[in-house]
Amino acid sequence: MKYLSFLVVFGFMILSCKEKIPNKQGNTVDVKSMEILDTVPEKEEVQEKSLRSLDGLADSTFVRLADFSDGFAYEMRYATDNNFLKAQVYDCAECYTRVKTVKALLAVNEEFRSKGVKIKFFDCYRPNDVQYKMWKIVPNPQYVANPVKGSIHNKGGAVDITLVTLSDEELDMGTDFDFFGKRAYHDNMDLPQEVLDNRKLLKETMEKHGFWSTRTEWWHYNLQGASKDPIANFKWDCDGL
């Protein structure tokens, strides 16, 4: 009986000790009063970007392409000095164009993505004021459209593009964007087969969805009928980006 009593008392002492631990100052702290942080904080939910719909928008309306799809890549060259002008002529890098052009781009890019590639933009809609800037730097109609007549870029119906993989690796097109020489011509067959195949994929798919190409520039595509649209000088707000 004494032995049993001893075990009960000893067990009680052990439990009491477990409830108190010494701190750095040698004082005991009641474990029950300590907040135990043994859980991993929940990760904050990343709010997915909400894409807009083209429903109800007039075909002539200018819109920002990235608001309607996250499936494209961008390298807006004229917002940098990495272009044939050697000058930045856009205040900020954005791809705007008319709704009817966006609809065609969404359709063609869906087909490209099914083949493991996607469109990368170098230039989209170009305000006419920017066309005047370009003309002042290079007043040569062989390279820059006269701003008085304007280009289809100024009408929201032209894009300068290439193709990249879904992991953003550029396909070899034989030259850089804005290379002005025979190597950039569509009818130049004196190129590696890989380059010819890549250009063919770009050209045939774009034409299938209502775009037509420029013989001397593998990167330039115009939406059919866009040449009839008026020259525009719509400017986007860089401060709100």
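## Disulfides

C92 counts as buried, its relative accessibility being 14% (buried means under 20% relative accessible area, exposed over 50%, and partly exposed in between, with a 1.4 Å probe and protein chains only). The model is predicted: local features need pLDDT of at least 70 and side-chain atom pairs count only at pLDDT 80 or more, whereas totals for chains, interfaces and linings use all residues. Residues are numbered from 1 along each chain as its sequence is written, and side-chain values use heavy atoms, leaving out hydrogens and water.

The structure holds two disulfides, a disulfide being a pair of cysteine sulfur atoms within 2.5 Å. One joins C92 to C238, with an S to S distance of 2.0 Å. This pair links distant parts of the chain, 146 residues apart: C92 is in the loop between β4 (73-74) and β5 (96-98), and C238 is in the segment after β9 (strands are DSSP runs of E, at least two residues, and helices are runs of H or I, at least four residues, numbered from the N terminus). The link of C92 and C238 is left-handed, with -80° about the S-S bond. C238 is partly exposed, at a relative accessible area of 25%.

The other disulfide joins C95 to C124, also with S to S 2.0 Å. Its torsion about the S-S bond is about -95°, so this disulfide is left-handed. C95 lies in the loop between β4 and β5 and C124 in the loop between β6 (117-123) and α3, so the pair ties together parts that are 29 residues apart in sequence. Both C95 and C124 are buried. With the bonded cysteines numbered in sequence order, the pairing is 1-4, 2-3.

## Pockets

The second largest pocket is lined by residues including C92, C238, D91, K133 and W236. A pocket is an open set of points on a 1 Å grid over the protein atoms alone, where a 1.4 Å probe fits, with protein on both sides within 12 Å along at least five of seven lines; lining residues have an atom within 4 Å of a point. Its lining has seven nonpolar, no polar and four charged residues.

The largest pocket is lined by 24 residues, and Q142, Y143, V144, F180 and E217 lie nearest its centre. Two or more lining residues come from each of α3 (128-137) and β9 (217-223); β9 gives the largest share, four residues.

## D229

D229 is found in the segment after β9 and counts as buried at 17% relative accessibility. Leaving aside neighbours within four places in sequence, D229 is in contact (heavy atoms within 4.5 Å) with R98, K100 and K155.

Methods:
Nonpolar A, V, L, I, M, F, W, Y, C, P; charged D, E, K, R; others polar.
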